[in-house]
Amino acid sequence: MAQHQFSRTVTRFDDPGFVRMRMEGRPDEQVWWKNVSFDEGTGQGSYLMKMAAGTRSSPHIHHGPEEFFILEGDLTDHDGFCYRSGDFVSLAAGSSHYSQTEAGCLLVVTHRGATEIIQEDAL
C-alpha cells in the first residue's frame, strides 16, 4: 500500500514571528500578524492577528468575503456593532468598515479576495 505524504502547518499565538501589520494612514497602531496561508497577491488566505488595547484598523472595503473568529477580547465596528470572544463573523464581498478594540483582541482572519483602503467618509 502506497503511503501519501502531506504537509502540515501549525501556528500558535504564543509562537514568535509576529510582525507589525502595515496600516495605511495609521502607522502607529499596535497591530501584529502572523501569516498562515495568506497570499498578498491574490488577497486570499488566513492569518493570526493581535490588536493591542486602544487600536483600530484603517477603513477598507472587501473585494471578496472576509471571515474572522475572535478568540479573546473585544472588537467594535465603525457602526457600533460589538463582537466578543467566541464570535465567528462573516462579511460579504463589498462590505466596508474599520474596527477598533478597547481591551485588545486575538483573531483568526480569512480573506477570499483583496481589500482596498478607503477614506473614512466613504463608509
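Buried residues have under 20% relative accessible area, exposed residues over 50%, and partly exposed residues lie in between. By that scale Glu120, with a relative accessible area of 41%, is partly exposed. The model discussed here is predicted.

The chain contains 0 helices and 11 strands. From the N terminus on, its elements therefore read β-β-β-β-β-β-β-β-β-β-β. Along the principal axes, the C-alpha trace spans about 60 × 30 × 25 Å. The radius of gyration is 15 Å. A compact globule of 123 residues would have a value near 14 Å, so the two agree. Of the 123 residues, 38% are buried. Among contacts with a separation of 6 or more, 64% join residues 24 or more positions apart.

In soluble globular proteins, nonpolar side chains tend to be buried together. The largest nonpolar core of this model holds 17 residues. Within that core, Met49, Phe68, Leu75 and Leu107 touch the most other members. Five strands each supply at least two of the core residues: β2 (31-35), β3 (44-51), β5 (66-77), β7 (88-91) and β10 (105-112). The contacts of Leu107 were listed without residues up to four places away in sequence. They comprise Phe13, Tyr47, Leu48, Met49, Met51, Phe68, Phe69, Ile70, Leu71 and Leu75.

Strand pairing was examined next. Strand β1 (residues 19-20) runs antiparallel to β2, and 2 bridges join them. Here Val19 stands opposite Trp33 of β2. Strands β2 and β3 are also antiparallel, with 5 bridges between them. Trp33 has Met49 as its bridge partner in β3.

A separate description applies to an open sheet of 3 strands, ordered β8-β4-β11 with antiparallel pairing. Its edges are β8 (96-97) and β11 (115-117). Each edge strand has a single partner, so one side of each is left without a neighbour in the sheet. Strand β4 (residues 60-62) is joined to β8 by 2 bridges. In this antiparallel pair, Ile61 has Ser96 of β8 as its bridge partner.

The salt bridge count comes to 4. One of these joins the side chains of Glu120 and Arg56, at 3.1 Å from N to O. Glu120 lies in the segment after β11, and Arg56 in the loop between β3 and β4. The pair therefore ties together parts that are 64 residues apart in sequence. Glu120 is partly exposed at 41%, whereas Arg56 is buried, with a relative accessible area of 11%.

Another salt bridge links Arg112 and Glu67 through their side chains, at 3.0 Å from N to O. Arg112 belongs to strand β10 and Glu67 to strand β5, so this pair ties together parts that are 45 residues apart in sequence. Arg112 is partly exposed, with a relative accessible area of 43%. The side chains of Arg26 and Glu29 also meet in a salt bridge, with an N to O distance of 2.7 Å. Arg26 is partly exposed at 23% relative accessibility. Glu29 is buried, with a relative accessible area of 12%.

Two serines were examined in detail. Ser58 is found in the loop between β3 and β4. At 3% relative accessibility, Ser58 is buried. A polar atom of the Ser58 side chain lies 2.6 Å from the backbone oxygen of Glu24. Beyond neighbours within four places in sequence, Ser58 contacts Met23, Glu24, Arg26, His97, Tyr98 and Ile117. One of these, Arg26, is also a partner in the salt bridge with Glu29.

Ser99 has its place in strand β9 (residues 99-100). This residue is buried too, at 4% relative accessibility. The side chains of Ser99 and Asp77 make a polar contact at 2.5 Å. With neighbours within four places in sequence left aside, Ser99 contacts Met51, Thr55, Arg56, Ser57, Leu75, Thr76 and Asp77. Among them, Arg56 takes part in the salt bridge with Glu120, and Leu75 is a member of the largest nonpolar core.

Technical notes:
Residues numbered from 1 in each chain as written. Predicted model: local features only at pLDDT ≥ 70, side-chain atom pairs only at ≥ 80, totals over all residues. Heavy atoms only, no water. Core = buried A, V, L, I, M, F, W, Y, C linked by side-chain atoms within 4.5 Å. Buried < 20%, exposed > 50% of the residue type's maximum accessible area, 1.4 Å probe, protein only. Helix = DSSP H or I, 4+ residues; strand = E, 2+ residues; numbered from the N terminus. Contact = heavy atoms within 4.5 Å. Pairing = 2+ DSSP bridges. Polar contact = N/O pair within 3.5 Å; in protein donor to acceptor, adjacent residues only side chain to side chain. Rg over C-alpha atoms; globule rule 2.2 N^0.38 Å.
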